[in-house]
Amino acid sequence: MGTTNFSEFLSQLTTGFTQVLDVNLKAEDYIVIDLSENNVELGKVDISSSRAFSNYIADYLNAFGKKVAFGGYSEVRKLYNRSELFKASKDQQDDRNIHLGLDFWADAHTDVLAVLEGKIHSFNDNSNFGDYGPTIILEHRFQEKKFYSLYGHLSKASLNGMVPGSMVKKGEKIAELGRPEENGDYAPHLHFQIIEDLVEKIGDFPGVTSRRDLDFYLQNCPDPNYLLKLRNF
């Protein structure tokens, strides 16, 4: 299925705003945030510090009277420069700094919901500095089409009692957002990503890519907003 066809397929699975966080949050509680390398204000923040970054997010939300800041699909970020996990040994074209999912910045312990019905494919605590931390991947099947959704930066407690193959309903709570000390050392947020081909990964999948590999990953991981419908395309 080509990129456009898969995106259109995803769009047809939901009819309007679809929740990925706390059921009490409404579309008007969300606001887009720019965390790209072009954001001049972000250049004034010590983004290597999860505390400083958390304060930046909190101030941004307070300024607009919102509860969740979201965005970041295909965004080029400097945020990953702090971790060796994303750096290539030789060529900067291989540095991974282009984001492949949508991030939702909200309070730690905010409920995380299954966007679609499916089953638990796998989970893992990806505990490297700057990594996902606790991560859950769901498998979905609609109209004979199989694909996956990834939920990263969760609390460690979210993985307790998790069983691969267990069914989940759309809108069911599957996890909570983790604190910086358990989520890869980030301000609390959810990384949500759609994946067409998981290429046999278990409990993990790249959420950030390099310029060299960008075309493949953009085709394999379309904008999750085709499902969530948080803003018009």
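**Group meeting: sheet, cores and pocket of a predicted model**

Let me begin at one end of the sheet, where strand β6, residues 118-126, pairs with β9 in the antiparallel sense over 2 bridges. Within β9, M167 is the bridge partner of K119. Please bear in mind that this is a predicted model.

The whole sheet is open and is formed by 8 strands, in the order β1-β2-β4-β11-β8-β7-β6-β9, with mixed pairing. Its edge strands are β1 (30-32) and β9 (167-168), each of which pairs on one side only. Helix α2, residues 50-64, packs on this sheet and touches β1, β2 and β4. The direction of α2 makes about 110 degrees with that of β1.

I turn now to the interior. In soluble globular proteins, nonpolar side chains tend to be buried together. Here the largest nonpolar core has 37 residues, and the members that touch the most others are L21, F104, Y151 and L190. Which elements supply at least two residues each of this core? They are the helices α1 (3-11) and α4 (225-228), together with the strands β2 (68-71), β4 (102-105), β7 (133-142), β8 (145-152), β10 (173-176) and β11 (189-195). Another core, of 14 residues, lies apart from the largest one; I33, L42, V45 and Y60 are among its members.

L21 deserves a separate word. Neighbours within four places in sequence left aside, L21 is in contact with Y30, V68, F104, A106, T110, D111, V112, L113, L177 and L190.

Next, the largest pocket. Its volume is about 290 Å³, and 17 residues line it. Nearest its centre lie L61, K67, W105, A106 and D107. Which element gives the most to this lining? That is α2, with 5 residues.

E144, in the loop between β7 and β8, has phi near 65 degrees, a positive value in a residue other than glycine. Is E144 buried or exposed? Its relative accessibility is 76%, so E144 counts as exposed. V199 lies in the loop between β11 and β12 (208-210), and its phi, near 40 degrees, is likewise positive in a residue other than glycine. V199 counts as partly exposed because its relative accessibility is 41%.

How values were computed. Residues are numbered from 1 along each chain as its sequence is written. This is a predicted model: local features need pLDDT of at least 70, side-chain atom pairs count only at pLDDT 80 or more; totals for chains, interfaces and linings use all residues. Side-chain values use heavy atoms; hydrogens and water are left out. A nonpolar core is a set of buried Ala, Val, Leu, Ile, Met, Phe, Trp, Tyr and Cys residues joined through side-chain atoms within 4.5 Å. Buried means under 20% relative accessible area, exposed over 50%, partly exposed in between (1.4 Å probe, protein chains only). Helices (H or I, at least four residues) and strands (E, at least two) are DSSP runs, numbered from the N terminus. Contact means heavy atoms within 4.5 Å. Two strands pair if DSSP finds at least two bridges between them. Axes are lines fitted to C-alpha atoms, for helices over the stretch in contact, and angles run from 0 to 180 degrees between N-to-C directions. On a 1 Å grid over the protein atoms alone, a cavity is a set of points where a 1.4 Å probe fits but cannot get out, and a pocket is an open set with protein on both sides within 12 Å along at least five of seven lines; lining residues have an atom within 4 Å of a point. Grid points are joined across faces, edges and corners, and a volume is the space filled by probe spheres set on the points.
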